[in-house]
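Here are my notes on this one, in numbered points. Have a look at the model first, then read on.

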Amino acid sequence: LYAVTLKRVRYHSDIKTDELENEPISRLQWETCKIRTLKAGTIDRLVANLAPIDQEVDSSFMQTFLCTYRAFTDSGTVLSKLTERFRAVAIEESSSSSRDQIKRNVLSVLKAWAELYPEDFSRPDRK
């Protein structure tokens, strides 16, 4: 289940005022972007969102997930699902760059998890 919100972002663009002038003038521009936020899902979909195929890991989602997953599952299940996602990449018929992206994302999540919550790996699971 996703929620979509609109966010106005600003950026600077350089434009030239005259063909003869070489110095650009910086102007402030506004753009509206759609932000898709995952609100709920199965553990499989949540893990798939942790390690997406076509983009980098969403750090805010990853931090939120790692902080709250204990309310609905245990660390063993999450670790198992991440391992499955990593191994399934070799079987899937996707492009080499997509496979590499998923592997990088899974490794990134595991690294952050171990750094932020090392206690999850040193004690028995408790739900």
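How many salt bridges does the count come to? Hold that for point 2, after a word on the ground rules. This is a predicted model, so to speak of local features we need pLDDT of at least 70, side-chain atom pairs count only at pLDDT 80 or more, and totals for chains, interfaces and linings use all residues. Residues are numbered from 1 along each chain as its sequence is written, and side-chain values use heavy atoms, with hydrogens and water left out.

1. Overall layout. The chain has 4 helices and 2 strands, in the order β-β-α-α-α-α along the sequence. Both are DSSP runs numbered from the N terminus: helices are H or I with at least four residues, strands are E with at least two. Of the 127 residues, 25% are buried; buried means under 20% relative accessible area, exposed over 50%, and partly exposed in between, with a 1.4 Å probe and protein chains only. Take contacts (heavy atoms within 4.5 Å) between residues at least 6 apart in sequence: 61% of them join residues at least 24 apart.

2. Salt bridges. Back to the opening question: the count comes to 3, where a salt bridge is a side-chain nitrogen of Lys or Arg within 4 Å of a carboxyl oxygen of Asp or Glu. One of them joins K81 and D44, with the closest N and O atoms 2.9 Å apart. K81 belongs to helix 3 and D44 to helix 1, so this pair ties together parts that are 37 residues apart in sequence. D44 is partly exposed, at 44% relative accessibility.

3. K111 pairs with E115, the closest N and O atoms being 3.2 Å apart. The two are 4 residues apart in helix 4, which means about one helical turn separates them. Both ends are exposed: K111 has a relative accessible area of 52%, and E115 comes in at 53%.

4. R70, with two partners. R70 forms a salt bridge with D120, where the closest N and O atoms are 2.6 Å apart. This links distant parts of the chain, as R70 sits in the loop between helix 2 and helix 3 and D120 in the segment after helix 4, 50 residues apart. R70 is partly exposed at 23% relative accessibility, whereas D120 is buried at 6%. R70 also lies over the face of Y117, 4.8 Å from the ring centre; the rule here wants NZ of Lys or CZ of Arg within 6 Å of the ring centre and within 35 degrees of the ring normal.

5. Aromatics. There are 5 aromatic pairs. Rings of Phe, Tyr and Trp (its six-membered ring) pair if their centres lie within 6.5 Å; planes under 30 degrees apart count as stacked, over 60 as edge-to-face and the rest as tilted. Y69 and W113 make an edge-to-face pair, 5.7 Å centre to centre with 85 degrees between the planes. Y69 is in the loop between helix 2 (59-68) and helix 3 (75-91) while W113 is in helix 4 (residues 96-116), so the pair ties together parts 44 residues apart in sequence. Both Y69 and W113 are buried. Ring pairs join F61, F65, Y69, F72, W113 and F121 into a cluster.

6. The core. The largest nonpolar core has 20 residues, and L50, M62, F65, L82 and W113 have the most contacts inside it. Such a core is a set of buried Ala, Val, Leu, Ile, Met, Phe, Trp, Tyr and Cys residues joined through side-chain atoms within 4.5 Å. Helix 1 (43-50), helix 2, helix 3 and helix 4 each give two or more residues to this core, and the largest share, 5 residues, comes from helix 4. Beyond residues up to four places away in sequence, L82 touches V47, L50, V106, V109, L110 and W113.

7. V78 is in helix 3 and is buried, at 0% relative accessible area. Leaving aside neighbours within four places in sequence, V78 is in contact with I43, F65, Y69, T73 and W113. S75 is also in helix 3 and is buried, at 10%.
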